[in-house]
Amino acid sequence: MLPADFDSTFTPPKHQSQIEKIFDAAIARSPAYLYEFEAYELFKLIGIPVPNYAYFPLEKLDSAISFLQPGTDYVAKCHIPNCLHKTEIGGVVLRINRANFQEKMQIFTQKLSKFDLQGVIFVEMAAFSQRNPSNGELLISAFNDDSFGPQLCFGMGGTGVEFYAEMMQKPNVFLPVFVNFRSTIVRKTILELPIMQFLLGKVRGFEAEIEQESVFAVLENLANFVRFYSKMNEKARYAIEEIEVNPAVICKNQLLALDGVVKISKNERKQAIFVSEKPLDKMNMLFCAKRVLIAGASSKNENNAATVILRKYQKLPENVRPEIFCLHPKETEMYGCKCYKSVKEILEMKIDLVILGTAAEPTCQLITQLVEANACKAIFTLAGGFAETEKGAENEKKLRQLISVTENRPLINGPNTVGYKYVRPDKSEINTVFLPAFKSSGENATGHENCAIIAQSGAFLLSRVSNLAGRVAPKFSISVGNQLDLSAVDCLEWFLTSYESNSKQEAEIALEKDKVQVFGVYIEGLLQYEGIRLMQLIARAKQQKKLVILYKAGRSKQGSDAVSGHTASLAGSYTQFSDLVDLAGGVICETADAFEDAVFAACCLVPRLRDFPCKIALSGQSNAGFERCAIADHLFYRKNENYVVLSKFEEKTNICLSGLFKLHKLEGVIDVQQILDTTALIPDSAMVDITRTLQGADEVDASVISLIPEVQTIKTLESEIDESSVIAMYLKLWKENKNIWVISISCGWKYDFARQYLIKGGMPVFDQVDRASRALEALLRGWVGRYGKE
């Protein structure tokens, strides 16, 4: 997706005054549900077809017979306030007509006399097709999701809707109302639903029951309506909490709403959509503060967390080292830094950053004082014991309330976070990680620097930075912990947004963050309405030729429970999260290994990626037959023919490859195929010549090159590698061209030198062909989107 695939317009509905007259009546109820006949009227007003219907108060019930048309059957539904399940109390009667009206209504009203029956709704029975998998019943609903905001759901309906969701891969689709329902990518998402394939006659033996434009029109009308009556629209008096049409059916080539539930609320709190309301411009102060105040340091314990951070600051070059002060109840000086006893003493000092290494209770008190006094620009707090404990949760709730109502305030990172690191152009580090640097494999790491790692979990951050060392050396590494204020999504917005620079160091930060092309993001839970903003930020990143790679915890119920206990995050539905992030163009990873592989491949290849005019043509090469199969399996392990295909070699390429096969005596042994098996018979130069030909072909956009290094015909051991070895020649080829390829060299520790030789040269090298192939496929999917180019 691109930013144009989102819609933040609030267009008043055509019949706004009539709609709000219905809402005015409903809002006085508790809960504020529309009566069913009001729901029918609402659907008509917003462009959702409904059957012929009429409502008759109990005292006028006898006159209802004049509404019934001869030869037509109706459904009678009771109107009992706050009764949402009429069938369970016998409040629905089928096949009412002129002939049986008096008899059935007498029985009906007597049976319901013990309830507060106020009237009856008569609805013409619709003759609808029941041939599709859900017996003709469809679900159309809208609801307010905590993460993604107002959403529509469309798909299989009826009483089995929960069963379909549990047993089928994709019975329904969830789409935020802030996506553009006229965009190609949104329409393709709807069209790929199994139920749509049945309805449009795309399944053998099924005739088309409806035109796709009729479905699109209903969904677009509902999305526009819900978007206007959302908490993001400051001009809307009301907000939609829930709309459910279940079932909707196909009748006379149109969607028809047979039943409906609508719940509203007063729109009292307005929410931003795509831009954070937090002071994210102050995030610069985490990396280029001129004056830093540290609380919690100890002159008696150098392993104390705040002391470790203080000592790291003191090791910075003088030209970037900030003035450092300490907050301590007793000391007057610590490690050469002046100490102050209270927040009141530093109010006039223009502190940029306050670092809190204190325990949870005093941290809460200090944050309160700093925010109320607007005593600094940013706060970084390490403390655990907030939302992870009952008392801490109360304190965190109070702090959230405080910062929500305070306009001029500091930006807060934490609590329960390990810190962050920024590697400056001169290789010095702004490093607030409270662990000693010498224990990290990421210390003075080498590798691609066009990367930022953002994580809720500090341990995840440190592990990934260490594991990627030698391959990737992130320019920025940031943990956000409990996300009291600053969140992982906020960090992504900061990277993608330009802010005014008020100093030379801030100007440097702006230049350095613009060099980041790959964002590796670990999320345990989203703050309210961050999901839709994350989707739009991913689209913004793609527009800037950058990629967002995500790994989310809480994919199972047990995982969600573990997340809640870890950093107190509320993990939403993983299926929903992954589907929507994938739709936006984010690279979703199922494991930490896959996350590292994707980040590494992206850092190597994003600078080489381009706009592809159509589907990406893939090929590959290996000197082992099984790897040829593995390359194909893992490049096409999901149904991805929308964006990738196997290359079809042109005559020129076929002739060239056939000549090389003949030269190296492969002719008659194996044919030229879309993924090449060069066998174990050919030497180094032949391997490279075939690769060069493959990558030089116009009809090949990307490739996987793999070799089993144990064969005696190629030089792959450390003692063998020289300018004539396949390893050295592959590195030369990588530097000569800008082709998109990954390489796999397996067979264990004896070939670590060969792999490192290529990795140090900047190549995306893996020790298994399946990892190489999947990393490339994930990268390409994120780059062009799951539906590819038109």
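A disulfide is a pair of cysteine sulfur atoms within 2.5 Å. With that cut-off in hand, let us look at the structure above, which is a predicted model: local features need pLDDT of at least 70, side-chain atom pairs count only at pLDDT 80 or more, and totals for chains, interfaces and linings use all residues. Residues are numbered from 1 along each chain as its sequence is written, and side-chain values use heavy atoms, with hydrogens and water left out.

## The chain as a whole

The C-alpha trace of the chain spans about 100 × 85 × 40 Å along its principal axes. The chain holds 24 helices and 30 strands; helices (H or I, at least four residues) and strands (E, at least two) are DSSP runs, numbered from the N terminus. Of the 790 residues, 58% are buried, where buried means under 20% relative accessible area, exposed over 50% and partly exposed in between (1.4 Å probe, protein chains only). Contact here means heavy atoms within 4.5 Å. Among contacts between residues at least 6 apart in sequence, 72% join residues at least 24 apart.

## Cysteines

Searching the whole structure turns up zero disulfides. Cys 376 is in none, and the nearest cysteine sulfur, that of Cys 288, is 14 Å away. For Cys 451 the closest cysteine sulfur is in Cys 603, at 4.1 Å, so the two are too far apart for a bond.

| Residue | Relative accessibility |
|---|---|
| Cys 376 | 4% |
| Cys 451 | 0% |
| Asp 597 | 5% |
| Arg 227 | 3% |

Asp 597 belongs to helix α18 (residues 592–605). Because its relative accessibility is 5%, Asp 597 counts as buried. What is Asp 597 in contact with, leaving aside its neighbours within four places in sequence? The partners are Arg 471, Phe 766, Arg 771 and Ala 775.

Arg 227 is part of helix α7 (residues 212–228), and at 3% relative accessibility Arg 227 counts as buried too. A polar atom of the Arg 227 side chain lies 2.6 Å from the backbone oxygen of Val 177. Not counting residues up to four places away in sequence, Arg 227 touches Asp 7, Thr 9, Phe 10, Val 177, Phe 178, Val 179 and Asn 233.

## Domains and one interface

The domain assignment gives domain 1 (15–124), domain 2 (131–266), domain 3 (280–604) and domain 4 (610–784); such bounds come from an automatic or database domain assignment. Taken over C-alpha atoms, the centres of domain 2 and domain 3 are separated by 39 Å. Where these two meet, 18 residues of domain 2 are in contact with 13 residues of domain 3.

The area buried between domain 2 and domain 3 is about 1300 Å², and carbon and sulfur atoms give 64% of that area. Buried area is the accessible area (1.4 Å probe) that two parts lose on being put together, summed over both. On the domain 2 side, Asp 146, Ser 147 and Phe 148 supply 43% of the area buried against domain 3, more than any other three residues. The elements of domain 2 that give two or more residues to the side touching domain 3 are β5 (138–145), β6 (149–156), β7 (172–176) and α5 (184–191).

How many salt bridges cross the interface of domain 2 and domain 3? The rule finds zero, a salt bridge being a side-chain nitrogen of Lys or Arg within 4 Å of a carboxyl oxygen of Asp or Glu. The interface does have six residue pairs in polar contact (both at pLDDT 80 or more). A polar contact is a pair of N or O atoms within 3.5 Å; within protein, one must be able to donate a hydrogen and the other to accept it, and residues adjacent in sequence count only if both atoms are side-chain atoms.
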